[in-house]
Amino acid sequence: QVQLVESGGGLVQAGTSLRLSCTASGRTFSSYFMGWFHQAPGKEREFVATISPSIGPSHGDTYYADSVKGRFTISRDNAKNTVYLQMNSLQPEDAAVYYCAAKREYYGGSNSSPAEYTYWGQGTQVTVSS
């Protein structure tokens, strides 16, 4: 069982930055695929970014949604059991609840489907004013 706790959300102005953190319980964090998703009111949960395990053939590979590529960066610190999402040049359309997710298995593809992830955090709200 893995518990995920997000932090770092808040209200920011368009064009500024925010860093989200997600800390996981357990001793095998480095072997998990970690993902960030967001969900705006009335919309489905959408993929933002993912990072592969640091061990194994993927060596911490990252993958991003087209809408955030070049603005957001996902990273992980295995010593702290934490995954980060650095969000730069935030826009009003980035506003949503951001969720951290974790999974052990690779099912092929880009690891971007919410259905693949086993564990989820409670979410942190990001609001961007124009």
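Student: Asn-81, buried or exposed?

Tutor: Buried, since its relative accessibility is 16% and the cut-off for buried is under 20%. Keep in mind that this is a predicted model.

Student: And where does Asn-81 sit?

Tutor: Asn-81 is in the loop between β7 and β8. Its phi is near 55 degrees, a positive value in a residue other than glycine.

Student: Which phi does Asn-111 have, positive or negative?

Tutor: Positive as well, about 60 degrees, and Asn-111 is not a glycine. You'll find Asn-111 in the loop between β9 and β10, with β10 covering 119-120.

Student: Why does Asn-111 count as buried?

Tutor: Because its relative accessibility is 5%, and anything under 20% falls in the buried class.

Student: How many bridges join β1 to β3?

Tutor: Four, and those two strands run antiparallel, with β1 spanning residues 4-7. As one example, Ser-7 has Ser-21 in β3 as its bridge partner.

Student: What about β3 to β8, how many bridges there?

Tutor: Six, again running antiparallel. Across that pairing, Arg-19 stands opposite Gln-86 in β8.

Student: And how many between β7 and β8?

Tutor: Six bridges, with the strands antiparallel. Here Phe-72 stands opposite Met-87 in β8.

Student: Is β3 mostly covered or mostly open, and how many of its residues are buried?

Tutor: Mostly covered: five of the seven residues in β3 are buried. Cys-22 is in strand β3, and Cys-22 is buried, as is Cys-100.

Student: How many disulfides are there?

Tutor: One. The pair is Cys-22 and Cys-100, with their sulfur atoms 2.1 Å apart. That pair links distant parts of the chain, from strand β3 at Cys-22 to strand β9 at Cys-100, 78 residues apart.

Student: Left-handed or right-handed, and why?

Tutor: Left-handed, because the torsion about the S-S bond of Cys-22 and Cys-100 is about -75 degrees.

Student: Now the core. Which residues touch the most other members?

Tutor: In the largest nonpolar core, which has 35 residues, those are Leu-4, Met-34, Trp-36, Val-83, Leu-85, Met-87 and Tyr-98. Elements giving two or more residues to this core include β3 (18-24), β4 (33-39), β8 (82-87) and β11 (124-129).

Student: Which element gives the largest share?

Tutor: That's β9, with five residues. As background, nonpolar side chains in soluble globular proteins tend to be buried together.

Student: Let's zoom in on Trp-36. Where is it?

Tutor: Trp-36 is in strand β4. It counts as buried because its relative accessibility is 0%.

Student: How far apart in space are Trp-36 and Gly-121?

Tutor: Their C-alpha atoms are 9.9 Å apart, while the two residues are 85 apart in sequence.

Student: Next one: Thr-124. Which strand is it in?

Tutor: Thr-124 lies in strand β11, and at 11% relative accessibility Thr-124 counts as buried.

Student: What does the side chain of Thr-124 reach at 3.2 Å?

Tutor: The backbone nitrogen of Gly-9. Leaving out residues up to four places away in sequence, Thr-124 also touches residues including Glu-6, Leu-20, Ala-96 and Tyr-98.

Student: Last one, Thr-28. Where is that residue?

Tutor: Thr-28 is in the loop between β3 and β4.

Student: How far is Thr-28 from Val-5?

Tutor: The separation is 16 Å between C-alpha atoms, for residues 23 apart along the chain.

Notes. Residues are numbered from 1 along each chain as its sequence is written. This is a predicted model: local features need pLDDT of at least 70, side-chain atom pairs count only at pLDDT 80 or more; totals for chains, interfaces and linings use all residues. Side-chain values use heavy atoms; hydrogens and water are left out. A nonpolar core is a set of buried Ala, Val, Leu, Ile, Met, Phe, Trp, Tyr and Cys residues joined through side-chain atoms within 4.5 Å. Buried means under 20% relative accessible area, exposed over 50%, partly exposed in between (1.4 Å probe, protein chains only). Two strands pair if DSSP finds at least two bridges between them. A disulfide is a pair of cysteine sulfur atoms within 2.5 Å. A polar contact is a pair of N or O atoms within 3.5 Å; within protein, one must be able to donate a hydrogen and the other to accept it, and residues adjacent in sequence count only if both atoms are side-chain atoms. Contact means heavy atoms within 4.5 Å.
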